[in-house]
Amino acid sequence: MKPFYAVKSNPDPHLLHHLYDAGLGFDCASKRELLSIEELCRPHEPSSDRILYANPCKSEHDILAAEDMGSPPTVVDSIEELSKVEKYAGGVYIRIAVDDCGSAMPFSSKFGYDAKNILHIGETARSLDIAIHGISFHVGSGCLNGSAYKHAIFSAYNCIRTLSDNIPYTLPQTIDIGGGFLAYAPDFRNKALHIRETMIRVNKRELAERREAIRFVAEPGRFFSSNSFDFFVQVIGKKASAHGWSYTIDDSIYGQFSSILFDQATPVWFRVRGDDEAPRDTSKGVIFGRTCDSVDVIVRADSMEELEVGDWLWFPYMGAYTRATATEFNGFPRPEVFVDDEVADLSHVRFLEAMPRGLEYMAPVTAKSFWT
């Protein structure tokens with residue numbers, strides 16, 4: 001199983017360089033993401049060997065950019081998109097819609113060709129002389145059901161067999177199982193068991209009929225990026241209010257905490273204490289972001305450790321869909337990124353040793369639910 005890191009989850013150059021050196025491929029969706037990987041490639045190494053151009057709907061400008069980089073395999077999910085890549089030399093994966101109703105963020109409402117009609121799009125690709133490398137899907141973000149992958153893999157495999165058995169010279173041999181993997185061991189083990197079992201069953205069928213084994217690839221994003229960044233913010237304001245103590249920190253829902261809006265994240269946090277400092281009393285409180293906007297409500301808690309101006313709060317696991325979706329709304333810049341080049345896994349080596357057992361979970365609230 002070859003992973004192609006979904007660059008969109010965190011395009012930080014330090015992280016990309018680390019993953020590149022580890023041998024990963026990259027799932028790119030735009031010219032800028034393509035160029036960020038091209039910059040990493042060593043001399044004489046084709047960048048197209050490391051890239052899956054997985055955006056199912058591309059502008060002509062972005063198609064031309066991919067051609068300039070050696071035409072890495074791309075993804076389509078419609079007859080119309082096939083016509084746009086007719087002269088594209090890299091070939092395609094056909095993305096199919098799968099059952100993702102159990103996911104926090106389903107994708108098939110926007111992406112994916114109807115698997116029942118796979119022969120039609122396959123015949124169209126053949127008439128345009130476009131090579132079909134395989135079938136791809138995505139079960140959606142926040143999927144907690146490992147069996148969703150099993151059903152989707154079988155659906156993709158049936159598409160491969162339909163195409164291979166009915167269209168001459170069409171031999172798709174790869175299934176791209178997409179992303180949706182959490183950096184949480186029990187969840188990953190559950191999904192991996194379903195995926196591995198299904199892969200074995202599929203390839204037993206192939207080998208029994210003397211065909212080549214199906215190759216599998218994936219597009220994990222948050223699985224690699226979630227734990228790669230720790231975020232530290234400072235309390236810059238405190239006042240009494242009807243909601244208990246109101247605190248303001250030096251970031252916002254428009255900045256690194258955009259993961260709450262875009263990714264339904266529930267970050268954990270605690271106050272950075274001195275070596276011998278005891279926990280403080282708890283009380284009702286609310287944490288606001290620093291922008292001049294009442295929507296900028298980060299968390300409300302009925303019981304949280306009392307804070308003071310100047311306190312530092314540590315939010316671990318803040319690598320996925322944080323900096324990637326952050327803006328500089330209200331003129332507040334994105335925070336600096338600090339990297340310790342001597343420690344490959346900074347969070348586990350240095351900070352997690354000091355992490356208390358009881359972390360407080362952010363309970364995100366919308367502005368409407370907060371103020372009503």
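1. Exposed, as used here, means over 50% relative accessible area; buried means under 20%. Cys57 has a relative accessibility of 53%, so Cys57 counts as exposed. The model under review is predicted.

2. A search of the whole structure turns up zero of them. A disulfide needs two cysteine sulfur atoms within 2.5 Å.

3. Cys159. What is the closest cysteine sulfur to that of Cys159? The one in Cys101, at 18 Å, which is too far for a bond. Cys159 has a relative accessible area of 2%, so this residue is buried. Cys57, by its 53%, is exposed.

4. Secondary structure and overall size. The chain holds eleven helices and 15 strands. The C-alpha trace spans about 75 × 40 × 40 Å along its principal axes.

5. Burial and surface. Of the 372 residues in the chain, 49% are buried. The accessible surface amounts to about 18600 Å². Carbon and sulfur atoms account for 53% of that surface.

6. Contact range. Take the contacts between residues at least 6 apart in sequence. How many of them join residues at least 24 apart? The share is 69%.

7. Charge. The chain carries 38 positive and 52 negative side chains. The centres of the two sets lie 6 Å apart.

8. Glu206, location. This residue belongs to helix α7, which covers residues 185-208. Is Glu206 buried or exposed? Its relative accessibility is 0%, so Glu206 counts as buried.

9. Glu206, surroundings. Leaving out residues up to four places away in sequence, Glu206 touches Tyr157, Arg161, Gln173, Arg211, Glu212 and Ile214. Arg161 and Arg211, both among these contacts, are of a residue type counted as positive. Glu212 is also on the list, and Glu counts as negative. Asp176 lies 30 residues from Glu206 in sequence. In space, the C-alpha to C-alpha distance between Glu206 and Asp176 is 17 Å.

10. Points to check in the viewer. Look at Cys57, exposed at 53%, and at Cys159, buried at 2%. Then turn to Glu206, buried at 0%, and to its contacts, including Tyr157 and Gln173.

Notes
Residues numbered from 1 in each chain as written. Predicted model: local features only at pLDDT ≥ 70, side-chain atom pairs only at ≥ 80, totals over all residues. Heavy atoms only, no water. Helix = DSSP H or I, 4+ residues; strand = E, 2+ residues; numbered from the N terminus. Buried < 20%, exposed > 50% of the residue type's maximum accessible area, 1.4 Å probe, protein only. Contact = heavy atoms within 4.5 Å. Areas by Shrake-Rupley, 256 points an atom, 1.4 Å probe, with all protein chains shown as cover. Charge placed at Lys NZ, Arg CZ, Asp CG, Glu CD.
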